[in-house]
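Grab a pencil and work through these exercises with the model open beside you. Try each task yourself before you read the solution.

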Amino acid sequence: MVVIGIVGAGEWGTSLADVVARRGKPALLWSDSAEIAKEINEKHTNERHLPGVALAPPVRATADLGELAAAAQLLLLAVRSPRVEATVRALGDVVSGRHVVVHAIGSQTHAGRVSELVRRETPVKRVGVVAGPALAKDLRAGRPCAIVAASPFEGVTALVRQAVEATPILRVYRSSDLTGVELASALTGAYTVAFGLADGIGLGTGPRAVLLCRALAEAARLGVASGGRERTFSGLAGLGNLVVRASSEDSDDYQLGFKLGKGETPARRETEGTRAAQALVPQARALGVRAPILEGLTAVVEGGVAVRDAVTRLMESHAEEE
């Protein structure tokens, strides 16, 4: 039986491990906190992220990456994007060519896509990504969820499905479009901030629908120019993910956008979505891709443009492609 090692004991990683374990599949969590690992092993809970939630006893945890790599061939990265580079480099010291690494990072680093980082900093060549509208709270509640696992290696997606699919709660779909799914996942976070902005200023249902269509068209333009497939952006990792996250008021991305739209000045303006936007704007420019939503969002977050001015410019801009 495939053991999955989840690198990151945050809310999503812990919830996924619990779902997998409740279906009788082995799951090992890594946390950089020995205290959290001990709490999971002794009390079957991760109170820091899941207050009052009891984890299935088969969920085990460790604070030792070497132990994780020794126990699991399949490793899933589920840490926040600012920690990705350091975590991947640390993994490079304990993994080998036998390992498979997939990630669930909903952003893109300034150093490039996470799969490229893994290939560059570790001996691992079989890489992939998982993305889609599977929220941690839905996994915990046992609601039907789905993700897409993407990799150019068919064996990688088959391994992910074998390790984590837990029907009827979690279904895994497969794709070979690694570039497209990675970009769709990152762009979803960025556009979720934009939807928070739109709701914060009370844009309304009709303009919100226009924003959704424009965002998907922009994502597809950038994705295709980067080597992805257009249809990926209307699938689970793109449209599916965006519909769920843009309607989730407990999302950090949505909340930041909503507060900015209300005229508030949050002390912290950095989320997975804003980091993705800031990393992808230069990429769009380098490829000659028009990306007014990403550019407008970045200008608002960085404080250079007022929210209403940015939204007005966006809605009035010529968009022949859409």
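**Exercise 1. Find which helix holds both Tyr 254 and Phe 258, and work out how their rings are arranged.**

Step 1: Look at helix α11, residues 252-261, where both of them lie. Helices here are DSSP runs of H or I with at least four residues, strands are runs of E with at least two, and both are numbered from the N terminus.

Step 2: Tyr 254 and Phe 258 are four residues apart, about one turn of the helix.

Step 3: Now the rings: their centres are 6.0 Å apart and the planes make 20 degrees, so this aromatic pair is stacked. (Rings of Phe, Tyr and Trp, the last by its six-membered ring, pair if their centres lie within 6.5 Å; under 30 degrees between planes is stacked, over 60 is edge-to-face, and the rest is tilted.) A search of the whole structure turns up one aromatic pair.

Before you go on: this is a predicted model, where local features need pLDDT of at least 70 and side-chain atom pairs count only at pLDDT 80 or more, while totals for chains, interfaces and linings use all residues. Residues are numbered from 1 along each chain as its sequence is written, and side-chain values use heavy atoms, leaving out hydrogens and water.

**Exercise 2. Trace the order of the strands in the sheet and say which ones stand at the edges.**

Step 1: The eight strands run β3-β2-β1-β4-β5-β6-β7-β8 in an open sheet with mixed pairing. (Two strands pair if DSSP finds at least two bridges between them.)

Step 2: At the edges you'll find β3 (59-62) and β8 (170-175); each has a single partner strand, so one side of each lacks a neighbour in the sheet.

Step 3: Leu 28 sits opposite Arg 60 in β3.
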